[in-house]
Amino acid sequence: MADFDPTAYGASGIADEYDDLYAGHWETDTAVDRIAELADGGKVLELGIGTGRLALPLLARGIEVHGVDGSAEMVEKLRQKPGGDRIPVVVGDFAHADAGRGFTLVVLAVNTIFALPDQEAQVECFRNAARHLAPAGRFVIEAWVPDVGAFRHNRVVRPRIVQSDRISIETAELDPVTQTMRTTQAVFSEGSVRLYPANHRYAWPAELDLMAQLAGLHREERWANWTRSPFTADSQAHVTVYRL
Ligand SMILES: C[S@@+](CC[C@H](N)C(=O)[O-])C[C@H]1O[C@@H](n2cnc3c(N)ncnc32)[C@H](O)[C@@H]1O
């Protein structure tokens with residue numbers, strides 16, 4: 001896999017299996033509720049819109065949704081779904097792509113900020129999100145909290161899907177110097193094994209807050225999840241709302 005190429009995620013072949021692998025594993029309904037509230041009646045831009053897991057239910061609620069995605073394959077899956085042709089999508093790198101102005105909310109869900117290769121690109125992404133916002137607009141990010149303690153000699157193997165007819169196992173290798181993690185998810189089902197590589201440049205919540213400040217945003221909320229559970233020392237992920 002090419003390192004941190006914005007087209008790489010879809011090029012791995014995951015577009016065909018994405019909805020099946022992730023539907024039901026993530027709290028989509030609650031995320032959609034919260035995003036709709038945060039949009040406050042305005043239009044929403046989703047960076048890394050993918051196959052429309054969040055965008056299509058938002059559209060169904062009457063919210064104007066736009067997107068950016070680096071993968072033509074993922075966008076094609078979105079286009080094939082009912083309503084998918086009514087969502088304007090720019091195919092490009094969300095650290096730089098221009099999808100218009102005046103959004104009350106920009107969304108970057110499921111750790112996708114970490115798909116950018118380094119701190120500089122992540123800061124650029126915050127700046128780009130801020131450029132798209134209407135006055136007092138919000139940027140909401142969902143990301144995991146790095147758990148380097150789970151690694152031994154910078155490597156870990158962990159089960160993801162455990163079903164009677166399908167399992168998946170993820171291998172991960174850390175480079176603490178560059179704060180990068182290379183992962184491959186191996187999906188095993190009857191008669192087949194598929195490999196889905198993905199690279200991450202991880203950052204702790206406080207580093208993301210600083211990136212937001214550099215982009216002229218301030219932190220308004222931090223929850224442990226989309227249901228607004230309190231963020232604590234034990235939280236493994238966070239949903240953070242930044243505001244202009
Ligand atoms: C984990 S999927 C999330 C999709 C969707 N947001 C969801 O919640 O189901 C990440 C998406 O971000 C896209 N992506 C990753 N890096 C990107 C980049 N630098 N620029 C644009 N899109 C990117 C991938 O192609 C993929 O569709």
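A polar contact is a pair of N or O atoms within 3.5 Å; within protein, one atom must be able to donate a hydrogen and the other to accept it, and residues adjacent in sequence count only if both atoms are side-chain atoms. The structure is a predicted model, in which local features need pLDDT of at least 70 and side-chain atom pairs count only at pLDDT 80 or more, while totals for chains, interfaces and linings use all residues. Residues are numbered from 1 along each chain as its sequence is written, and side-chain values use heavy atoms, with hydrogens and water left out.

An oxygen atom of the ligand lies 2.8 Å from a polar side-chain atom of arginine 53. Glycine 48 places a polar backbone atom 2.7 Å from a ligand nitrogen. A side-chain N or O atom of aspartate 93 is 3.1 Å from a nitrogen atom of the ligand. On its own, the ligand has 600 Å² of accessible area, and the protein covers 96% of that area (Shrake-Rupley method, 1.4 Å probe; for residues, only the protein chains shown count as cover).

Around the ligand there are 20 residues, where a residue is near if one of its heavy atoms lies within 4 Å. Tyr18, Glu46, Gly48, Arg53 and Asp69 come nearest. The shell comprises 10 nonpolar, six polar and four charged residues. Here Ala, Val, Leu, Ile, Met, Phe, Trp, Tyr, Cys and Pro count as nonpolar, Asp, Glu, Lys and Arg as charged, and the others, Gly among them, as polar.

Rings of Phe, Tyr and Trp (its six-membered ring) pair if their centres lie within 6.5 Å; planes under 30 degrees apart are stacked, over 60 edge-to-face, and the rest tilted. The count is five aromatic pairs. Phenylalanine 126 and phenylalanine 139 form an edge-to-face pair, because their ring centres are 5.3 Å apart and their planes stand at 80°. The pair ties together parts 13 residues apart in sequence, because phenylalanine 126 lies in helix α6 (residues 119-132) and phenylalanine 139 in strand β5 (residues 133-144). Helices (H or I, at least four residues) and strands (E, at least two) are DSSP runs, numbered from the N terminus. Both phenylalanine 126 and phenylalanine 139 are buried (under 20% relative accessible area; exposed is over 50%, partly exposed in between; 1.4 Å probe, protein chains only). Phe114, Trp144, Tyr202 and Trp204 form one aromatic cluster.

Helix α6 also holds glutamine 122. Glutamine 122 counts as buried because its relative accessibility is 0%. A polar side-chain atom of glutamine 122 lies 3.3 Å from the backbone oxygen of isoleucine 113.
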